[in-house]
Amino acid sequence: MLDTNERAILREFAQQKKGRREALRAAALLMIDEGHDDKTVAIRLGVRRESITKWKEKWQVERLGLLRDKQRPGRPPRFSDKDMGQIAALLLEHDHDLVKVQFYFEANYGKKISLTTLRRFQRSDKLSPYL
């Protein structure tokens with residue numbers, strides 16, 4: 001099912017921290033290539049068996065294109081990756097003083113951000129790739 005190059009790329013995707021859905025799809029394809037059945041793969045990864053079947057079918061058509069997430073409906077994220085990096089840098093620079101981070105982010109980058117949003121970012125792992 002997989003050639004050596006595809007297997008190497010899938011291993012990279014499966015180990016990445018960012019992009020959980022991409023990592024799940026890559027891990028599933030690697031497990032299938034190792035000879036595991038759909039049900040076993042689904043149980044081990046905590047997804048539905050139907051998802052595994054769908055990923056296998058799409059793999060036959062899209063190959064590595066399957067790994068990238070497609071555009072999803074709804075409002076796009078308010079803060080880009082660049083913004084998140086700037087917020088992370090400000091948090092480190094100002095020793096996690098949220099009021100200062102809010103002030104400097106709004107003054108320097110012209111985007112509003114609430115203290116609640118900053119607290120949510122700080123508590124979640126959304127900023128970990130940037131720290």
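A search of this whole predicted structure turns up 4 salt bridges. One of them pairs Asp33 with Arg7, another joins Arg48 to Glu50, and Lys111 teams up with Asp83 in yet another.

**Salt bridges**

- Let's start with Asp33 and Arg7, whose closest N and O atoms are 3.1 Å apart. This pair links distant parts of the chain, with Asp33 sitting in helix H2 (residues 20–33) and Arg7 in helix H1 (residues 4–15), 26 residues apart.
- How exposed are the two partners? Asp33 has 23% relative accessibility, so it counts as partly exposed. Arg7 is partly exposed too, with a relative accessible area of 23%.
- Next up, Arg48 and Glu50 bring their closest N and O atoms to 3.4 Å. Arg48 is exposed, because its relative accessible area of 56% is over the 50% cut-off. Glu50, with 42%, is partly exposed.
- In the pair of Lys111 and Asp83, the closest N and O atoms are 2.4 Å apart.
- Is Asp83 buried or exposed? Its relative accessibility is 8%, and because buried means under 20%, Asp83 counts as buried.

**Nonpolar cores**

- The largest nonpolar core has 13 residues, and the members that touch the most others are Phe79, Ile87, Ile113, Phe121 and Leu127.
- H5 gives the most, with 5 residues.

**How H6 and H7 cross**

- H6 and H7 pack at an angle of about 115°, and their axes are 10 Å apart. That angle makes H6 roughly perpendicular to H7.
- Which residues make the contact? On the H6 side they are Leu98, Val99, Val101 and Gln102, and on the H7 side Leu115, Leu118, Arg119 and Gln122.
- As for handedness, the crossing of H6 and H7 is right-handed.

**The loop between H5 and H6**

- Here's some background on backbone angles: most residues other than glycine have a negative phi.
- Asp95 is not a glycine, yet its phi is positive, about 50°. You'll find Asp95 in the loop between H5 and H6, and with a relative accessible area of 66% it is exposed.
- His96 isn't a glycine either, and its phi is also positive, about 60°. His96 is found in the loop between H5 and H6, where it is partly exposed, with a relative accessible area of 35%.
- What about His94? This residue lies in the loop between H5 and H6 and, at 15% relative accessibility, it counts as buried.
- Which residues does His94 touch? Not counting residues up to four places away in sequence, His94 touches Lys100, Val101 and Tyr104. Val101 also turns up in the contact between H6 and H7.

**Arg63 and its contacts**

- Arg63 lies in the loop between helix H4 (49–62) and H5. Its relative accessible area is 24%, so Arg63 is partly exposed.
- Leaving aside neighbours within four places in sequence, Arg63 is in contact with Met1, Glu6 and Lys58.
- How far apart along the chain are Arg63 and Glu6? They are 57 residues apart, and their C-alpha atoms are separated by 8.6 Å.

Methods: Residues numbered from 1 in each chain as written. Predicted model: local features only at pLDDT ≥ 70, side-chain atom pairs only at ≥ 80, totals over all residues. Heavy atoms only, no water. Core = buried A, V, L, I, M, F, W, Y, C linked by side-chain atoms within 4.5 Å. Buried < 20%, exposed > 50% of the residue type's maximum accessible area, 1.4 Å probe, protein only. Helix = DSSP H or I, 4+ residues; strand = E, 2+ residues; numbered from the N terminus. Salt bridge = Lys/Arg side-chain N within 4 Å of Asp/Glu carboxyl O. Axes fitted to C-alpha atoms, helices over the stretch in contact; angles between N-to-C directions. Parallel < 35°, antiparallel > 145°, perpendicular 65-115°, else oblique. Left-handed = near helix turned anticlockwise from the far one by under 90°. Contact = heavy atoms within 4.5 Å.
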